[in-house]
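Dear colleague,

I am passing on the structure below, and would be glad if you could look it over alongside my notes on charge pairing, the strands and the surface.

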Amino acid sequence: MKIAIGSDHGGFQLKEEIRSYLAEEMEQDGAKPEVIDMGTFSEESVDYPDYGVKVAKAVVAGDVDFGVVICGTGIGISIAANKVPGIRAALCGDPFSARMAREHNDANVLALGARVVGPGLAREIVAAFFAGAFAGGRHARRVDKLRALEGQASGE
Ligand code: RB5
């Protein structure tokens, strides 16, 4: 499994933590995921849309299976990621929501707020997100309706 991770300056420290958690500690189907760090690479001020969209485009292009995006609150970067058609980014502050985001919403991007959750809780949220699998069934019909909304918005 390939995961792209990105943050702005507000999420930089937590991105570093989560990047090493994903690459060194978490196992998915008995294997460690490959993690692609899309920046930012310091605490110098940057704009969260640039990083949210970078990760989102990598997911939609199929370069990676999932994305993790982090800013101060997680709000701005999740809004940015969700502007990319095909992205279902879920801003999660607890493990239950993270698991449900995968099981019910087939979320392909997890958003975290570094100024909202500490590193320990963030790890649990990440673990729950990647432990979840899309349940399909009635949820597939609902996710199809989300996809249809994207078509309407772009005039397709
Ligand atoms: C940056 O100061 C901050 O606005 C950003 O990280 C994020 O919280 C925006 O939603």
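Lys15, Glu16, Arg19 and Asp37 are joined in a network of salt bridges, a salt bridge being a side-chain nitrogen of Lys or Arg within 4 Å of a carboxyl oxygen of Asp or Glu. Please bear in mind that this is a predicted model, in which local features need pLDDT of at least 70 and side-chain atom pairs count only at pLDDT 80 or more, whereas totals for chains, interfaces and linings use all residues. Residues are numbered from 1 along each chain as its sequence is written, and side-chain values use heavy atoms, with hydrogens and water left out.

Helices (H or I, at least four residues) and strands (E, at least two) are DSSP runs, numbered from the N terminus. Arg19 is partly exposed, with a relative accessible area of 26%, and Asp37 is likewise partly exposed at 21%; here buried means under 20% relative accessible area, exposed over 50%, and partly exposed in between, with a 1.4 Å probe and protein chains only.

By the same rule, the count comes to ten salt bridges. Among them, Arg123 pairs with Glu25, their closest N and O atoms being 2.9 Å apart, and this pair links helix H5 (residues 119–131), which holds Arg123, to helix H1, which holds Glu25, across 98 residues. Another joins Glu103 to Arg99 at 3.4 Å between the closest N and O atoms, with both residues in helix H4 (residues 95–103), four residues apart, about one turn of the helix.

Turning to the strands, five of the five residues of S5 (residues 109–113) are buried, so this strand is largely enclosed by the rest of the structure. Val109, Ala111 and Gly113 point one way from S5, while Leu110 and Leu112 point the other way. S5 pairs in the parallel sense with strand S3 (residues 66–71) over five bridges and with strand S4 (residues 89–91) over three bridges, where two strands pair if DSSP finds at least two bridges between them. In S5, Val109 is the bridge partner of Gly67, and Ala111 that of Leu91.

Finally, Lys145, in helix H6 (residues 138–153), is exposed, with a relative accessible area of 56%.

With best regards
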